Amino acid sequence: MAQFTNQAQLSYNDSVTNSNIAVGELLEVLSASKTAVMDDYVRNDDITYIISIVNSGATPFTGLTVTDDLGAYTFNETTLVPLTYVDGSVRYYVNGILQSAPTVSAGTSLVISGINIPAGGNAIIVYEARANQYAPLDIDGIITNTAVIDGGGISTPITTSETVSTEDTPELTITKSVSPVPVAENGVLTYTFIIQNSGNTEAGADANVVVTDTFNPILSNLTVTLNGATLPAESYTYNEATGEFATVAGSITVPAATFTQDETEGYFIINPGVTTLTVSGTV
């Protein structure tokens, strides 16, 4: 409950006298909460947020406005916004029934207006925001975004927040190249596999990274290296009859990425961890 005070003044002739101070309490009947469907993220993830507003009073509230700061934070005396509203994603429900889309304005903040809460009822607003180039990515990185509900007869704006954290996991990609091109018959052909990790966690032995390939043309007299060092024969399998090649789970690891924040603009730069696998053989 919010407490309020009030004092009256009486003046007559050339005299002024004050009344006692009356103390009252204002019963706040609106409450709100905000949750994220998933509590972690990686770069370019779409995060679904749900704002629930409950009216426990006997009078409806109309024309409310919800303003979400999209996780804004201060960097070098400027404000960075790590979330980008996904256009057209707002869904608005009253007592569980889908309503017409409210008015939405998105920029450095998300403003949703025209929200109505019936007496003894509730409203749910669902929307998506994408983790952009200003979203922290390192281990223990977080985005905290705050929504403020105001207007429509609310005496004190209602504030509700939600925090999501970086997903601490590897993010691997692989590219393959061949050399020389062209290769002479009975010559040596080399396949190079570049494995990159854009995640904030190493892909260690427990990640069970496996590279498989079927070489065509089939290679013989195989030589396999990992980051320039010869890979032991027990770390891979090869069928010279079919050309099927596979590394043994756990024999390849890929270091975590590192992240730097541009000193001027504030966006995050991903420096992937890299592991290089090469396979050479006679055509």
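**View 1. Lys34 and its salt-bridge partner Asp68 in the predicted model.** Lys34 has a relative accessibility of 4% and therefore counts as buried. Its side chain meets that of Asp68 in a salt bridge, with 2.5 Å from N to O. Lys34 belongs to strand 3 (residues 30–36) and Asp68 to strand 6 (residues 61–68), so the pair ties together parts that are 34 residues apart in sequence. Asp68 is buried as well, at 1% relative accessibility. The structure holds 3 salt bridges.

**View 2. The salt bridge between Arg130 and Asp46.** The side chains of these two residues meet at 2.6 Å, N to O. Arg130 lies in strand 14 (residues 122–131) and Asp46 in strand 5 (residues 46–55); the pair links distant parts of the chain, 84 residues apart. Arg130 counts as partly exposed, at 35% relative accessibility. Asp46 is also partly exposed, at 36%.

**View 3. The salt bridge between Asp213 and Lys176.** The distance from N to O in this side-chain pair is 2.5 Å. Because Asp213 is in strand 19 (residues 212–214) and Lys176 in strand 17 (residues 172–179), the pair ties together parts that are 37 residues apart in sequence. Asp213 is buried, with a relative accessible area of 15%, whereas Lys176 counts as partly exposed at 45% relative accessibility.

**View 4. Thr275 and the residues it touches.** Thr275 is found in strand 26 (residues 273–282). Its relative accessibility is 0%, so Thr275 counts as buried. A polar atom of the Thr275 side chain lies 2.7 Å from the backbone oxygen of Thr253. Leaving aside residues up to four places away in sequence, the contacts of Thr275 include Phe193, Ile195, Leu226, Asn227, Ile252 and Pro255.

Note on methods
Residues are numbered from 1 along each chain as its sequence is written. This is a predicted model: local features need pLDDT of at least 70, side-chain atom pairs count only at pLDDT 80 or more; totals for chains, interfaces and linings use all residues. Side-chain values use heavy atoms; hydrogens and water are left out. Helices (H or I, at least four residues) and strands (E, at least two) are DSSP runs, numbered from the N terminus. Buried means under 20% relative accessible area, exposed over 50%, partly exposed in between (1.4 Å probe, protein chains only). A polar contact is a pair of N or O atoms within 3.5 Å; within protein, one must be able to donate a hydrogen and the other to accept it, and residues adjacent in sequence count only if both atoms are side-chain atoms. Contact means heavy atoms within 4.5 Å. A salt bridge is a side-chain nitrogen of Lys or Arg within 4 Å of a carboxyl oxygen of Asp or Glu.
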